[in-house]
Amino acid sequence: MRFSGILVGLLFVLFGNTVYAGEVPSPVNQEKGPIEAVACGVYLAGGNPAPAPEDIGQAKVDNWKKLYETADALRKEGKLACALETSTKALETARQDFGDVHLNAALAYALQARIYAGLRQYTKAEKLFGQAETILMKAFAIKGLDPMALNRESIKYPGVTNISIHRAEMYIIRAMFREAELQLKWVMEALEVHGNPYSVEMAEALYLFAEMHRTQKTFEKADQYYKRAMHIMENAFGRAHIDYVKTLIGIAANYHTQKEYKESEMYYRKALAIIDEIKGPACKEARLIRANLERVYEEQGLHYDAIRLKTAEE
């Protein structure tokens with residue numbers, strides 16, 4: 001089976017706990033699972049150890065990381081033109097400072113793919129995801145390995161599952177559910193067998209599986225996946241975190257779609273209480289939750305409650 005058939009090819013969204021090649025994982029990262037705990041400075045080409053971060057030049061690592069994270073933050077804010085420009089600099093820097101066959105180059109290509117997906121330029125996005133995959137194929141030198149050998153090798157490195165998760169996210173947006181399922185199953189099986197089944201990456205995959213099932217109106221399965229993701233996010237970050245809030249919103253939306261208004265209101269209100277505290281009532285997430293709550297009340301004919309909520313917001 002070709003690598004692309006396994007890695008094939010990560011809504012509100014998502015999650016931004018990438019660990020970069022050349023970066024020394026912090027003690028906090030090490031507690032989250034083996035993906036974050038990879039030995040620093042692993043140079044992927046041929047699987048040979050890289051020079052230590054001080055030999056590579058920590059300044060180069062930090063510079064690339066800053067460009068990558070700035071581009072990703074701009075993407076999340078919807079400033080896609082600026083994100084694309086900054087991600088191009090991140091890609092150029094990765095290739096210049098680390099080489100073409102390096103995890104940071106693959107991550108930069110995948111980030112550009114996500115930006116183009118946001119611009120709805122899916123053909124371009126698919127091509128960039130393919131370039132990221134090609135780098136990984138060369139980096140792991142895995143041609144001819146069986147699928148389980150691939151999983152054992154690839155799961156040792158940070159960022160690999162993130163690329164697959166991001167690609168699945170694009171497929172869900174495009175209603176390409178079979179392709180998304182293949183991506184997410186690879187991630188979940190690899191983490192369960194060779195990684196950490198309680199990692200943030202697992203929560204990301206579970207969340208996207210839930211989104212896919214809600215879109216397909218298989219609500220019971222969606223609820224199960226959302227709640228599994230919620231528990232992992234709570235254990236990883238606590239409740240005062242945007243990624244935990246996201247899972248609450250997903251659960252609420254799943255109940256809302258089924259017109260189970262009592263449960264939907266409960267989860268929307270839990271999410272709203274947290275987001276008001278951590279980001280303030282004027283943030284876009286808080287406005288989104290209030291708008292959904294208003295719809296919950298309006299659909300039940302509770303116009304007074306809807307008006308009172310809108311008045312409180314103003």
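Predicted model: local features only at pLDDT ≥ 70, side-chain atom pairs only at ≥ 80, totals over all residues.
**Figure 1. Overview of the protein chain.** The chain has 16 helices and zero strands (DSSP runs numbered from the N terminus: H or I of at least four residues for helices, E of at least two for strands). Of its 314 residues, 53% count as buried (under 20% relative accessible area, 1.4 Å probe, protein chains only).

**Figure 2. Helix H4 against helix H6.** The axes of H4 (residues 58-76) and H6 (residues 103-118) come within 10 Å and cross at roughly 15° (lines fitted to C-alpha atoms over the stretch in contact; angles run from 0 to 180 degrees between N-to-C directions). H4 is therefore roughly parallel to H6 (angles under 35 degrees). H4 contributes Trp64, Tyr68, Ala71, Asp72 and Arg75 to the contact (heavy atoms within 4.5 Å). H6 contributes Asn104, Leu107, Ala108, Leu111, Arg114 and Ile115. Seven contact residues are nonpolar, one is polar and three are charged.

**Figure 3. Helix H9 against helix H10.** H9 (residues 160-173) and H10 (residues 177-194) pack at about 160°, their axes 8 Å apart. The two are therefore roughly antiparallel (angles over 145 degrees). On H9, the contact residues include Ser164, Arg167 and Tyr171. On H10, Phe177, Glu179 and Trp186 are among them. The contact has ten nonpolar, three polar and two charged residues.

**Notes.** Residues are numbered from 1 along each chain as its sequence is written. Local features need pLDDT of at least 70, side-chain atom pairs count only at pLDDT 80 or more, totals for chains, interfaces and linings use all residues, and side-chain values use heavy atoms, without hydrogens and water.

Notes:
Parallel < 35°, antiparallel > 145°, perpendicular 65-115°, else oblique. Nonpolar A, V, L, I, M, F, W, Y, C, P; charged D, E, K, R; others polar. Buried < 20%, exposed > 50% of the residue type's maximum accessible area, 1.4 Å probe, protein only.
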